[in-house]
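Here is a report to read with the model open beside you. Take your time, and find each part on screen as you meet it.

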Amino acid sequence: MVRQLPPLNALRAFEAAGRHQSFSRAAEELAVSHSSISRHVRGLEDRLGVQLFRDLPRGIELSEYGAAYLAQVSPALDAIASATETLTEVPKGTVWVNSETLFATKLLVPQLGAFAALHPEIEIRLEASRHLADVARYEADLAIRFVRPENRYPGAELISDAPMHPYASPALLILPLTSTRDLLSYPLLKDRSSGTWDMWFALTGEVAPEEVPQSSWRMSSVLAVEAAVAGQGILLVSDEVVAGEVAAGRLIRISDVGFREGGYYLLQGEGVMRRKAVRVFRDWLMAQTAVWRGGEG
């Protein structure tokens, strides 16, 4: 039986463009030019006799035919990639990771060198952003987000759920803290926009709610950590994101009273775990963060 197959390069160009809904992102993924993607897709459309994409004022979108074709082509290419990877001992390829800035800066970036040393054939393309990549549309292979229990994403995998504690620079605390009330003498910093200080003081039972300073949240989470390191206040933050500062002596925990507000979760696009490179990175990430799990289901 002779199979009627279009050129593989055309299929790869169409599949990447369809996942990203963008010729530019497809070109970046496949390391070719925008015009190459466009040429392959238009040639495929001519061969099939249907329009696979519709042009929009700003970009493209899949047509009805294109969406139906993508639903068949993507699993087929995934299967070919999986079959190929089983024949190779060394995982290789590019893994796109979208992460909240604080997690990326404090947990991922310091460890990526160690990952690269273990797996030099895998390229990690890390985007630190407040924007959650749509893994369903393959804007990223994996996405990492802090999620409160009431907002948990279906199918998301817990990475860390370390409790929040107050931390400060040793240089800030000239006088020892003798009670919870002593914290009110310092600026109170936090890495989230919710009322975490209110919740923490309520747990101590030593400060009335009306005594807790109420200030608007103006700093990004990364800047709040840096402000605490610089001795500009006491920071209420989950333990995992300041572990590096604690190990280096730049921050110290000043109370054992803590609580969990949520956790960092891993979201993945459908089918991405068929790729060995993605599985290797996921397994490495979960091993690196195992110490920070254990509070939430």
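## The lining of the largest pocket

The residues that line the largest pocket divide into 13 nonpolar, 7 polar and 12 charged. In this sorting, Ala, Val, Leu, Ile, Met, Phe, Trp, Tyr, Cys and Pro count as nonpolar, Asp, Glu, Lys and Arg as charged, and the others, Gly among them, as polar. The model is predicted, so local features need pLDDT of at least 70 and side-chain atom pairs count only at pLDDT 80 or more, while totals for chains, interfaces and linings use all residues. Residues are numbered from 1 along each chain as its sequence is written, and side-chain values use heavy atoms, with hydrogens and water left out.

How much space lies in the largest pocket? About 980 Å³. Of the 32 residues that line the largest pocket, Arg 12, Glu 29, Leu 30, Ala 81 and Arg 275 are the closest to its centre. Two or more lining residues come from each of α1 (8-20), α2 (23-30), α4 (64-85) and β3 (93-99), and α4 gives the most, with 7 residues. Helices (H or I, at least four residues) and strands (E, at least two) are DSSP runs, numbered from the N terminus.

How is such space found? Rolling a probe the size of a water molecule over the atoms shows where empty space is left. On a 1 Å grid over the protein atoms alone, a pocket is an open set of points with protein on both sides within 12 Å along at least five of seven lines, whereas a cavity is a set of points where a 1.4 Å probe fits but cannot get out; lining residues have an atom within 4 Å of a point. Grid points are joined across faces, edges and corners, and a volume is the space filled by probe spheres set on the points.

The largest cavity holds about 30 Å³ of space, and of its 13 lining residues, Phe 146, Ala 162, Arg 192, Ser 238 and Gly 262 are the closest to its centre. By class, this lining has 4 nonpolar, 4 polar and 5 charged residues.

## Helix α4

Now look along α4. Its 22 residues should span 32 Å at 1.5 Å a residue, and its end C-alpha atoms are 32 Å apart, which agrees. The expected span is 1.5 Å times one less than the number of residues. There is also a kink of about 25° in α4, centred on Leu 70; the bend at a residue is the angle between axes fitted to the seven residues ending there and the seven starting there.

Which residues of α4 are buried? They are Gly 66, Leu 70, Val 73, Ser 74, Leu 77, Asp 78 and Glu 85. Buried means under 20% relative accessible area, exposed over 50%, and partly exposed in between (1.4 Å probe, protein chains only). An α-helix has 3.6 residues a turn, so residues three or four places apart point the same way. The C-alpha atoms of Ala 76 and Gln 51 are separated by 21 Å, with the two residues 25 apart along the chain.

## Two loop residues

Gln 21 and Ala 31 make a handy pair to look up. Gln 21, in the loop between α1 and α2, has a positive phi of about 55° although it is not a glycine. Ala 31, in the loop between α2 and α3 (34-48), has a positive phi of about 60° and is not a glycine either.

Are these residues buried or exposed? Gln 21 is buried, with a relative accessible area of 18%, whereas Ala 31 counts as exposed at 69%.

## Strands and sheets

Strands β1 (residues 53-56) and β2 run antiparallel, joined by 4 bridges, and they form a hairpin with 2 residues between them. Two strands pair if DSSP finds at least two bridges between them. Arg 54 has Glu 61 of β2 as its bridge partner. In β2 (residues 59-62), Ile 60 and Leu 62 make up the covered face, and Gly 59 and Glu 61 the uncovered one.

Elsewhere, 4 strands form an open sheet in the order β8-β9-β7-β10, with mixed pairing. β8 (188-190) and β10 (252-253) stand at the edges with a single partner strand each, so one side of each is left without a neighbour in the sheet. Strands β7 (residues 164-168) and β9 (residues 234-238) pair in the antiparallel sense over 4 bridges, and Ser 238 in β9 is the bridge partner of Met 164.
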